[in-house]
Amino acid sequence: MALTREQMAQRVAREMQDGFYVNLGIGIPTLVANYIPEGMEVMLQSENGLLGMGAFPRVGEADADMINAGKQTVTARIGASIFSSAESFAMIRGGHIDLTVLGAFEVDVQGNIASWMIPGKLVKGMGGAMDLVAGAENIIVTMTHASKDGESKLLSRCSLPLTGAGCIKRVLTDLAYLEIDNGAFILKERAPGVSVEEIVSKTAGKLIVPEHVPEMQFA
Amino acid sequence: MAGFDKRVASYEEALAGLKDGMTVISGGFGLCGIPENLINEIKRQGIRDLTVVSNNCGVDGFGLGVLLQDRQISKVIASYVGENALFEKQLLSGEIEVELTPQGTLAEKMRAGGAGIPAFFTATGVGTPVADGKETREFKGRTYLMEESITGDFAIVKGWKADHFGNVIYRHTAQNFNPLAATAGRITVVEVEEIVEPGELDPTQIHTPGIYVDRIICGTFEKRIEQLTERN
């Protein structure tokens with residue numbers, strides 16, 4: 001079975017480490033916050049200028065001046081700080097964020113990522129995604145392995161305009177966890193009940209399959 | 001106005017000198033921390049052919065979106081413009097030009113503009129359409145893009161509290177682009193929720209020092225929430 005969105009978030013959360021500063025993109029990455037292991041302390045950065053994002057506000061306590069990068073009302077946790085957009089992107093560009101999780105339309109074997117623009121469709125903008133992929137050392141891309149029509153999103157070369165070049169090393173799809181190295185995807189883990197053959201058939205870019213590909217475990 | 005008293009009595013006075021064809025830099029992220037009354041005054045005055053520099057362009061009927069109704073904006077420099085049906089329509093019909101700019105680059109363009117730095121190098125956008133036509137240069141083995149800074153004829157800013165000297169503090173994440181915009185306007189106008197007595201603001205807590213600010217006005221704000229999200 002392909003992973004659910006929640007399982008994808010759960011799997012990504014295992015990459016967290018105590019004391020990490022983490023930026024989570026919109027969509028599946030946002031769900032990762034729900035699965036931070038107990039006893040582990042991480043600070044979530046929101047690029048509109050908040051480090052130490054807390055839970056959503058209680059009913060009736062939302063504050064228009066307190067939002068996250070998805071424009072949702074949020075709270076600040078104890079230990080949080082709030083600053084300007086320039087300061088926020090100094091943290092991001094300067095490599096101070098320990099882990100960035102974001103979605104994509106396509107990734108390729110060179111570590112290129114396309115996530116913001118589909119030619120012919122309306123272009124709404126890249127927001128902070130280009131800064132995030134250029135600045136972070138440690139990025140995990142979350143996406144479905146193939147489109148609804150079965151077209152692979154893990155390619156030899158991205159077909160869409162790029163968000164960043166040569167910056168992606170790790171991808172979690174609904175079928176597999178892969179790393180990118182030396183011009184190839186390396187299959188590291190597969191979703192429970194998903195065969196290596198299915199992953200091979202849905203990966204258009206060069207894929208290295210080790211002898212043993214463990215199945216992800218979920219409680 | 002006398003000495004360092006930067007208070008003005010009306011929104012009309014706050015935007016005196018704003019003319020057709022000018023560049024206006026606006027603070028705000030989504031609808032958070034936007035100078036909503038100054039935007040409404042631009043609409044009321046019917047000033048046209050504006051270049052607007054802002055992270056977003058409001059929504060239909062609120063924020064910078066109100067300037068789209070009478071086609072007062074001819075160009076937008078922004079990182080994300082997706083919340084606005086009228087904007088999409090004008091973009092597709094070619095009535096409005098948009099220059100999409102990565103959010104961090106946009107923030108730095110304003111910061112640099114206000115700080116007298118004409119251009120800077122960033123890795124953001126290298127190898128993407130953002131790099132088209134721009135100079136690149138290698139530093140320590142990595143390629144960087146040259147981005148030019150931005151200044152505006154006017155900057156419009158939303159603060160929380162100010163004193164008459166023009167010292168401003170922002171509230172929570174309504175800070176966002178506001179302090180950057182404040183530095184980058186030839187004329188910087190700040191509207192706030194409260195103008196406090198001199199000496200009331202702690203000098204160590206000032207976000208925008210008064211030197212950047214030309215005019216201060218106190219307003220009332222709707223502060224619309226774009227995505228109300230609560231926990232049960």
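**Contacts between chains A and B**

In the predicted model, 46 residues of chain A are in contact (heavy atoms within 4.5 Å) with 50 residues of chain B. The area buried between the two chains, meaning the accessible area (1.4 Å probe) lost on putting them together, summed over both, is about 3900 Å². Carbon and sulfur atoms give 60% of that area. A:Asp65, A:Lys71 and A:Lys124 supply 20% of the area that chain A buries against chain B, more than any other three residues.

Helix α3 of chain A (residues 85-93) packs against helix α5 of chain B (residues 103-114) at an angle of about 125°, with the axes 9 Å apart. α3(A) is therefore oblique to α5(B), since angles under 35 degrees count as roughly parallel, over 145 as roughly antiparallel, 65 to 115 as roughly perpendicular and the rest as oblique. On the side of α3(A), the contact is made by A:Ser85, A:Ala86, A:Phe89 and A:Arg93. The residues of α5(B) in this contact include B:Gln103, B:Ala107 and B:Arg111. By class, three residues of the contact are nonpolar, four polar and three charged.

Within chain A, helix α1 (residues 5-13) has A:Met8, A:Ala9, A:Arg11, A:Val12 and A:Ala13 buried, that is, under 20% relative accessible area (1.4 Å probe, protein chains only). Among the elements of chain A that cover these residues are α2 (28-31), β5 (99-103) and β12 (184-190).

Residues are numbered from 1 along each chain as its sequence is written, and chains are lettered from A in the order in which they are written. Local features need pLDDT of at least 70, and side-chain atom pairs count only at pLDDT 80 or more, while side-chain values use heavy atoms, without hydrogens and water.

Conventions: Buried means under 20% relative accessible area, exposed over 50%, partly exposed in between (1.4 Å probe, protein chains only). Helices (H or I, at least four residues) and strands (E, at least two) are DSSP runs, numbered from the N terminus. Axes are lines fitted to C-alpha atoms, for helices over the stretch in contact, and angles run from 0 to 180 degrees between N-to-C directions. Ala, Val, Leu, Ile, Met, Phe, Trp, Tyr, Cys and Pro count as nonpolar, Asp, Glu, Lys and Arg as charged, and the others, Gly among them, as polar.
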